[in-house]
Amino acid sequence: MSNTPNQPVRKFGMRDKIGYTLGDLGCCCSEQFRAMYLSVFYTLILKVNPFHVGILMMITKIWDAINDPIIGALVDSTHARKNGKFIPWIRAFSFPMAVLAVLGFVNVSNWAYGLRLAYMFITYVLYEAVFTCVQVPFGTLSSVMTDEVNHRTALSRYRSMGGTIFMTVIVFVGPMVLYVDNQPVAGRFLMLAAIFALIGLLCLQITCVWCKERVVVPERPKGEKLNYLHVLKEISKNKALLGVMLFSLIGMIGAAIVNGLNTYLFKDYFGDVKTMAISGPLNVLYAVIVFAITQPLANVFGKKEWCCIGAGAAVAIYAVLFFVPIHNPMVFIIINGICFIGASGMQVLVWAMVNDAIDYHELQTGERNEGIVYSAYSFFRKLANAASAAMSNFALGLIGYNIHAAVQTPEVTQAIWKGYTGLYVLGYGLAIAVLAWLYPLTKKKTAEMLEELKVRRAAREG
């Protein structure tokens, strides 16, 4: 099925999967690089107080989260063009996104403190606005590429490969390039930001060519305005969406705070930030394992069920690590990789669960509002980013991290370990509890929902 029925669209296949993988890689090249190193750049290069960085990120991320449903409504209000409804948004806004991703890493450390904060705020807000114009259409795209459950699980799995590829590269390249004698070098942050922004732009443009929109999205009659408040009211009744939103909110906060402390863990607790690079080759092995096992396990247990089982095992391991510190970085890297395999379902399958929540909305209301439904989910992800970006910086401030000291005190390094492991247990543990209790779409109920929707769609087309 296609939004442009006069033009035949090729069947769903490997080109779509790879194209969607590249789209996620394109987003990660700017967003994940910023998530990993922008806070480090602000504190260690621009010499901005971690508390001020945390407040700045919280304010801008909260505004960005509020902005998501607005963009989602605009996307839903547009009519499909030759290449579909969502792809034109991705194609147009990926260019300014790449430019602003680079501007965020310009070294303005010689500016007055207030001007530094102003520059950080302006570049941060502008970047997040254009990133939303790419992210919301891209995330929604998978729901109209296919309506087959196995295809959607495959898209979610392939999408996760984009982030995995980037993380594998950046974990190896970042510490090796950005630091000299365990100290950050300003110009190298800008250089890597520019390289990854160009790669990301290319990947997103390929996505626009290789991915095709096939599912018919009923067009809103001309002159009829979208009842935004009505749709939000219906979304508030979508238990599947509420479950996956709250699950992601809590899990992402825990995971992002931990990731925010990762550089400091290796730099100050283990004493050598370049040790992080060793995990790069191992990440390739872990990614291959995750890619191979996720769909078979999801098919056997169900998406919800496998997330709870695998992540539960990872939480149990980190609970032990909280009380039994490890001082050998290689041992930690291996154990952390095993936990990554267990908890990977929470990252790999979440996009398939969002698509199921979009279908659940259609089952309840008879309407498809992919843009707003997805942006409502994205709203909670942005809130998680806001909280985690701020809290990782607040955590550094609370433990007494000295941004001017080359070596931290033993008390600070031990606090980094306790914070790293404890927040992992707390974040993932609460996320699992929410998913198990609130998200209603078990393996059986998902199959029943999709079968009912097929019957309804066939009747509507007939």
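The side chains of Asp16 and Arg214 meet in a salt bridge, with 2.9 Å from N to O; a salt bridge is defined as a side-chain nitrogen of Lys or Arg within 4 Å of a carboxyl oxygen of Asp or Glu. The pair links distant parts of the chain, 198 residues apart: Asp16 is in helix H1 (residues 14-45), and Arg214 is in the loop between helix H6 (186-210) and helix H7 (228-235). This is a predicted model, in which local features need pLDDT of at least 70 and side-chain atom pairs count only at pLDDT 80 or more, while totals for chains, interfaces and linings use all residues. Residues are numbered from 1 along each chain as its sequence is written, and side-chain values use heavy atoms, with hydrogens and water left out.

**Salt bridges**

- By the stated rule, the count comes to 7 salt bridges.
- Side chains of opposite charge can pair when their charged atoms come close.
- Asp16 counts as buried because its relative accessibility is 0%; buried means under 20% relative accessible area, exposed means over 50%, and partly exposed lies in between (1.4 Å probe, protein chains only).
- Arg214 is also buried, with a relative accessible area of 8%.
- A network of salt bridges links Arg10, Asp16 and Arg214.
- Asp24 and Arg159 meet through their side chains in a salt bridge of 3.3 Å, N to O.
- This pair links distant parts of the chain, with Asp24 in helix H1 and Arg159 in helix H5 (residues 149-178), 135 residues apart.
- Asp24 is buried at a relative accessible area of 10%, and Arg159 counts as buried at 3% relative accessibility.
- Lys303 forms a salt bridge with Asp356, and the closest N and O atoms are 3.1 Å apart.
- Lys303 lies in helix H10 (residues 303-323) and Asp356 in helix H12 (residues 350-365), so the pair ties together parts that are 53 residues apart in sequence.
- Lys303 counts as buried at 12% relative accessibility, as does Asp356 at 3%.

**Cysteines**

- The count of disulfides comes to 0, a disulfide being a pair of cysteine sulfur atoms within 2.5 Å.
- Cys29 is in no disulfide; the nearest cysteine sulfur belongs to Cys203 and is 5.6 Å away.
- Cys29 counts as buried, at 3% relative accessibility.
- Cys211 is likewise in no disulfide, and the nearest cysteine sulfur, that of Cys208, is 8.3 Å away.
- With 0% relative accessibility, Cys211 counts as buried.

**Nonpolar surface patch**

- Ile55, Ile59, Phe121, Ile122 and Leu126 make a nonpolar surface patch of about 450 Å².
- Patches are made of residues with over 30% relative accessible area and no salt bridge; like charges are joined within 9 Å, and nonpolar side chains (Val, Leu, Ile, Met, Phe, Trp, Tyr) within 5 Å.
- Helix H2 (50-77) and helix H4 (113-145) each supply at least two residues of the nonpolar patch.
- H4 gives the most to the nonpolar patch, with 3 residues.
- Leu126 is placed in helix H4 and counts as partly exposed because its relative accessibility is 45%.

**Backbone at Lys47**

- Lys47 has a phi near 60 degrees, a positive value in a residue other than glycine.
- Most residues other than glycine have a negative phi, and most peptide bonds are trans.
- Lys47 is located in the loop between H1 and H2 and counts as partly exposed, at 34% relative accessibility.

**Overall fold**

- The secondary structure of the protein chain comes to 15 helices and 2 strands; helices (H or I, at least four residues) and strands (E, at least two) are DSSP runs, numbered from the N terminus.
- The radius of gyration of the protein chain is 22 Å, close to the 23 Å that the globule rule gives for 462 residues, so the chain is as compact as a globular protein of that length.
- The radius of gyration is taken over C-alpha atoms, and the globule rule is 2.2 Å times the number of residues to the power 0.38.
- The C-alpha trace of the protein chain spans about 70 × 45 × 35 Å along its principal axes.
- Of the 462 residues in the protein chain, 56% are buried.
- Among contacts in the protein chain with a separation of 6 or more, 87% are between residues 24 or more positions apart; contact means heavy atoms within 4.5 Å.
- The protein chain exposes about 18400 Å², of which carbon and sulfur atoms supply 69%.
- Accessible areas come from the Shrake-Rupley method with a 1.4 Å probe; for residues, only the protein chains shown count as cover.
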